[in-house]
Amino acid sequence: MSHTPVAVRREHKEPGEVFGSGFSLFADMLLVGLLTSVACLPVVTAPAAFAAASASLRQAAGGGATVTTGTYARALRAHLTVGTLSAGLALPLLVVVLLVDAAVARSALPGAGVVAPALALLALGATVVGLRAGALDTPHRLSVREGLVRSVADPRGSLLLAVAVLLAALIAWSIPLLVPLLPGPLAFAATVVELRSPHD
C-alpha cells in the first residue's frame, strides 16, 4: 500500500503566516480536535469523525494544505456510511459492558482483583485498535480487522499509541476543559503511527 509522503518542513514563512509551518500543523490539529468533538456528539458518528480527522491531518501533513471546516466536513461526509454508523452503534453497547464489568470488579466477588487490570488493558487495547482502524487509508479504510492486524504486527506503534491514549486520559482527568481538544492529538498520533508503519 502506498503512503502519502510527509512534506518537508519549509524554512520560510508564507505571507501572513506568523509562526511557520510547524505551528500551522499544530493549529490544524487543534481545529480538527474541536471539529471531531462536535461531530462525535451524536455518538454513532464517532468512528466517521475520527476517520475524517485522520484523513484531514494526513492531507495537511502530506500536501501542506491547511485544514478548514469545509475540508473536514467533506471528509466526514465521505466517511459517513452505513458501516461506520453501525460501528458507532456498537460503541454505547461496549461502554455499557465495560461499566457493568467495572462494577463487578469493584465488588467482593472472587477474582475481582484480577478483573480490574484485565478490564483496563482490554479497554486500552480496544481504543488502540479503534484509533488505528480510523487512521487507515483506502483500501482498508475503517477496517477493524485490518486495525487489529496492524496493531499486532506493529507492537512498537501500538505501544506509542497506547501511551498517547493514557496521556489523553490523564489530561482529561486533570484538566477537563481540554477534553474537546483531545480528539485532535489522538487522531494525529494514530495517523503518524500509520504513516511510519510500512504495510503493503
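Which element gives the largest share of the lining of the largest cavity? The structure is a predicted model, in which local features need pLDDT of at least 70 and side-chain atom pairs count only at pLDDT 80 or more, whereas totals for chains, interfaces and linings use all residues. Residues are numbered from 1 along each chain as its sequence is written, and side-chain values use heavy atoms, with hydrogens and water left out.

One cavity of 30 Å³ or more is found in the whole structure, a cavity being a set of points on a 1 Å grid over the protein atoms alone where a 1.4 Å probe fits but cannot get out, with lining residues having an atom within 4 Å of a point. Its lining consists of Phe 50, Ser 54, Gly 130, Leu 131, Gly 134, Ala 135, Ala 187 and Ala 190, and two or more of these residues come from each of α2, α5 and α8. The largest share, four residues, belongs to α5.

The largest pocket, a pocket being an open set of points with protein on both sides within 12 Å along at least five of seven lines, holds about 1300 Å³ of space. Its lining comprises 37 residues, with Phe 50, Leu 91, Leu 94, Ala 126 and Thr 127 nearest the centre, and α4 contributes the most, 11 residues.

Conventions
Grid points are joined across faces, edges and corners, and a volume is the space filled by probe spheres set on the points.
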